[in-house]
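Here is my note on the model you asked me to look over.

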Amino acid sequence: MKVILQQDVKGQGKKGQLIEASDGYARNFLIPRKLAVAATTENLNTMRQQEKAKLAQEAAERAAAMEIVEQLKGCMVKIPAKAGNGGKLFGSVTSKEVSEALKAQTGLDIAKAKIVLPDPIKAFGTYQLKCKLGYEISGTINVVVTEA
């Protein structure tokens, strides 16, 4: 019996996948527990429409990520910080501060989890930080840490 999985089933397949299961397993286990539905023409059409919608959403998210990368190329984010003797900062500049400054200065909203800091920023200067936007797309944020 062909069924469409509604959830991931260990040893059978992933959500949205069309699988062949034995009649008893499908009727007595998968369908009553709402893990799968029978593969009728109506359900198959619904599955195809959901796949198309998912692909369209991924394409839109990928295009948005590419647009953000283009906007990041020309911008410079200035972060004021307090420092002691020798230009050493009190504490360090975090990805949260970079994200907030980026939103305030350019209007781009990038989550702090997507900004990669290789080392903590503990001194004044210019830094280039990577941000991973998903779908193997990454951009570069130019950050200038200045004296407050």
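Which residue in strand 2 is the bridge partner of Val-3?

1. The bridge partner of Val-3 in strand 2 is Ile-19, and please keep in mind here and below that the model is a predicted one. Strand 1, which spans residues 2–5, pairs with strand 2 (residues 18–20) in the antiparallel sense, over three bridges.

2. Strand 1 also pairs with strand 3 (residues 36–38), again in the antiparallel sense and over three bridges. Within that pairing, Leu-5 has Ala-36 of strand 3 as its bridge partner.

3. An open sheet is built from four strands in the order 4-9-8-6, and the pairing within it is mixed. Strand 4 (76–81) and strand 6 (115–116) stand at the edges and have a single partner strand each, so one side of each is left without a neighbour in the sheet. As background, the strands of a sheet pair through backbone hydrogen bonds, in either a parallel or an antiparallel arrangement.

4. Strand 6 and strand 8 (residues 125–134) run antiparallel and are joined by two bridges; for Val-116, the bridge partner in strand 8 is Lys-130. Helix 3 (residues 95–106) packs on this sheet, where it touches strand 4, strand 6, strand 8 and strand 9, and its direction makes about 120° with that of strand 4.

5. Helix 2, covering residues 41–73, lies across strand 8 and strand 9 (137–147), and runs at about 35° to strand 9.

6. The pocket holds about 390 Å³ of space and is lined by 14 residues, of which Lys-15, Gly-16, Met-47, Gln-50 and Glu-51 lie nearest its centre.

7. Taken as a whole, the chain has three helices and nine strands, which follow one another along the sequence in the pattern β-β-α-β-α-β-β-α-β-β-β-β. The radius of gyration of the chain is 24 Å, well over the 15 Å that the globule rule gives for 148 residues, so the chain is more spread out than a compact globule. Along the principal axes, the C-alpha atoms fill a box of roughly 75 × 25 × 20 Å.

Definitions and conventions
Residues numbered from 1 in each chain as written. Predicted model: local features only at pLDDT ≥ 70, side-chain atom pairs only at ≥ 80, totals over all residues. Heavy atoms only, no water. 1 Å grid on protein atoms, 1.4 Å probe; cavity = no way out; pocket = protein on both sides within 12 Å on 5 of 7 lines; lining within 4 Å. Points joined across faces, edges and corners; volume = space filled by probe spheres on them. Pairing = 2+ DSSP bridges. Contact = heavy atoms within 4.5 Å. Axes fitted to C-alpha atoms, helices over the stretch in contact; angles between N-to-C directions. Rg over C-alpha atoms; globule rule 2.2 N^0.38 Å.
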